[in-house]
Amino acid sequence: MASPVESGKQSVKLGPAVRGSRIRRDPPPKAKKIAERDPEVLLLAPCGFDLSRSVSEAERVLALESWRWARGRRIAAIDGNVLTSRPGPRIVRGVEVVARILDPGVFSDVPLDPHLARLLA
């Protein structure tokens with residue numbers, strides 16, 4: 001994964017749709033900069049990666065000492081290739097999945113498809 005917080009063109013549009021905070025684009029901040037923002041949820045959705053690859057990249061990055069601060073937080077990996085990287089009808093499903101991850105109490109009726117998203121912590 002080029003960067004654990006890099007997002008594609010469509011991903012940037014998802015944040016406001018699900019009450020998310022501003023999503024950063026190029027250049028992505030370093031782990032220290034993200035830690036300073038004290039995020040409640042980390043959502044990893046690498047462009048072009050299926051869920052299996054997203055999970056393995058997330059686990060690799062989160063194992064780094066520079067990401068130690070993130071342990072114990074709510075972390076999810078999603079299939080960025082299917083849900084966030086391409087315009088079209090699937091973008092709606094992407095918004096639903098991101099909403100469920102960000103606010104599971106409010107969006108509990110949205111199923112979390114195990115082939116498209118996985119909670120890591």
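This is a predicted model: local features need pLDDT of at least 70, side-chain atom pairs count only at pLDDT 80 or more; totals for chains, interfaces and linings use all residues.
Residues are numbered from 1 along each chain as its sequence is written, and side-chain values use heavy atoms, with hydrogens and water left out.

### The overall layout

The protein chain has 5 helices and 3 strands. These are DSSP runs numbered from the N terminus, with helices being H or I of at least four residues and strands E of at least two. Read from the N terminus on, the elements go α-α-β-α-β-α-α-β. Of the 121 residues, 38% count as buried; here buried means under 20% relative accessible area, exposed means over 50%, and partly exposed is in between, using a 1.4 Å probe and protein chains only. As for contacts (heavy atoms within 4.5 Å), among those between residues at least 6 apart in sequence, 67% join residues at least 24 apart.

### The sheet and the helices across it

The 3 strands form an open sheet in the order β1-β2-β3, with mixed pairing. Because β1 (41–44) and β3 (117–119) stand at the edges with a single partner strand each, one side of each is left without a neighbour in the sheet. From one strand to the next, the twist averages 15°. Two strands are said to pair if DSSP finds at least two bridges between them. β1 and β2 (residues 74–78) pair in the parallel sense over 4 bridges, and within that pairing L43 has A76 of β2 as its bridge partner.

Two helices lie across this sheet. Helix α3 (residues 51–62) lies across β1, β2 and β3 and runs at about 145° to β2. Helix α5 (residues 90–102) also lies across β1, β2 and β3, running at about 165° to β2. For these angles, axes are lines fitted to C-alpha atoms, for helices over the stretch in contact, and angles run from 0 to 180 degrees between N-to-C directions.

### Along helix α3

Back to S54, which has its place in helix α3. S54 counts as buried because its relative accessibility is 0%. Leaving aside neighbours within four places in sequence, S54 is in contact with P46, F49, A77, I78, D79 and G80.

The side chain of E57 makes a polar contact with the side chain of R60 at 3.0 Å.

L62 is also part of helix α3, and at 14% relative accessibility L62 counts as buried. Not counting residues up to four places away in sequence, L62 touches L42, W67, A70, R71 and I75.

### Other spots worth a look

L83 belongs to helix α4 (residues 80–83). With 1% relative accessibility, L83 counts as buried. Beyond its neighbours within four places in sequence, L83 is in contact with I78, R90, I91, R93, G94, V97 and L116.

What about the other end of the accessibility scale? E36, in helix α2, is exposed, with a relative accessible area of 54%. D38 is found in the loop between α2 (31–36) and β1, and D38 has a positive phi of about 50° although it is not a glycine.

Here are some pairs given by their C-alpha separations.

| Pair | Apart in sequence | C-alpha to C-alpha distance |
|---|---|---|
| L83 and A117 | 34 residues | 9.3 Å |
| L62 and I75 | 13 residues | 9.7 Å |
| E36 and W69 | 33 residues | 9.9 Å |

Notes. A polar contact is a pair of N or O atoms within 3.5 Å; within protein, one must be able to donate a hydrogen and the other to accept it, and residues adjacent in sequence count only if both atoms are side-chain atoms.
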